[in-house]
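Q: Can you walk me through this one? I'll ask as I go.
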Amino acid sequence: MTEAWRPEDDEPRGASGPVRVRVPAKVNLHLGVGPLRRDGYHELNTVYHAISIYDELTARRGDTLTLTMEGEGTGELALDDSNLVLRAAHALAGYAGVMPHARLHLRKQIPLAGGLAGGSADAAAALVACDALWGTGLSRDELAGIAADLGSDVPFLIHGGTALGTGRGEAVSPVLARPTSWHWVVAIADGGLSTPQAYRELDRLRETGAAGPPLGSTDGLLAALRQRDPRVLAATLGNDLQDAALAMRPSLAATLKAGEAAGALAGIVSGSGPTCVFLTADAADAERVAVELEAAGVCRQARIAHGPVPGARIT
């Protein structure tokens with residue numbers, strides 16, 4: 001006797017229980033910004049690095065697509081279809097041909113508009129979580145392909161680790177180096193900075209001759225990563241957007257100065273800012289620098305982190 005067909009037989013067999021995904025923040029060890037392209041983006045040559053500050057997204061079965069949240073940015077971050085989490089879920093559902101039904105809950109520790117790619121991280125988490133929830137069975141590379149249409153940093157946060165980013169940052173190639181744990185202090189500022197505004201400010205500074213010389217090749221930094229010596233790596237860190245961030249938020253100069261005075265090997269603005277990150281010799285130095293930064297009152301909070309760490313992963 002043939003078993004009767006049921007509509008759900010054509011649906012992917014996903015997770016029956018909740019799916020929890022942890023996703024890291026990113027810093028740019030090297031952020032070289034080229035000229036403005038015809039599509040409105042700048043040509044980038046960057047080295048991404050995932051660090052151990054995490055958001056967590058939980059996905060459960062639902063009859064519609066909803067998003068709730070707690071933690072950093074609660075009450076400030078829109079939870080409608082403009083949110084990258086929901087945009088990512090819709091993009092995956094459209095690609096895989098499934099209904100975008102899920103109850104999503106975000107526990108957020110990565111600050112908003114902080115230069116740490118928090119929104120991009122959450123989009124990557126949504127892709128990984130909904131892929132598992134809906135049983136779409138996509139590879140990491142397929143998810144990264146969907147991610148590229150959501151934002152320049154999202155493909156990197158699918159993979160994590162340390163990687164070279166080119167194009168507008170969406171073309172990602174892993175950096176092959178011997179395993180090393182680098183120790184960071186992340187100085188979180190009050191409020192955020194707009195990434196598009198930071199790029200516009202950099203263009204303005206360059207037009208007036210007020211910006212520093214553009215960063216060159218990533219070769220020196222990639223070689224330093226292979227040497228596994230934090231003092232060597234410290235000398236190669238750089239960010240073309242730092243001039244723009246300092247022009248928009250002059251108080252960041254005091255943060256950078258305080259971190260280096262506390263013994264950090266180097267400090268740079270992370271991405272478009274206003275977060276500043278400091279490389280230290282080891283974990284003990286990171287603890288000490290964090291304490292001194294908070295005591296100096298030059299940041300809202302100083303967190304200790306290490307990297308590289310994996311990208312969005314089911315826990």
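Q: How many helices and strands are in the chain?
A: The chain has ten helices and twelve strands, which are DSSP runs numbered from the N terminus (helices: H or I, at least four residues; strands: E, at least two). This is a predicted model, where local features need pLDDT of at least 70, side-chain atom pairs count only at pLDDT 80 or more, and totals for chains, interfaces and linings use all residues. Residues are numbered from 1 along each chain as its sequence is written, and side-chain values use heavy atoms, with hydrogens and water left out.
Q: How much of the chain is buried?
A: Buried residues make up 51% of the 315 residues; buried means under 20% relative accessible area with a 1.4 Å probe, protein chains only.
Q: And which residues have the most contacts inside the largest nonpolar core?
A: Leu57, Leu104, Leu127, Trp134, Leu225 and Leu237, in a core of 71 residues. Such a core is a set of buried Ala, Val, Leu, Ile, Met, Phe, Trp, Tyr and Cys residues joined through side-chain atoms within 4.5 Å. H2 gives the most to this core, with eleven residues.
Q: What is Leu127 in contact with?
A: Setting aside neighbours within four places in sequence, Leu127 is in contact (heavy atoms within 4.5 Å) with Ala88, Leu92, Leu143, Ile146, Ala147, Leu150 and Ile158.

How values were computed
Buried < 20%, exposed > 50% of the residue type's maximum accessible area, 1.4 Å probe, protein only.
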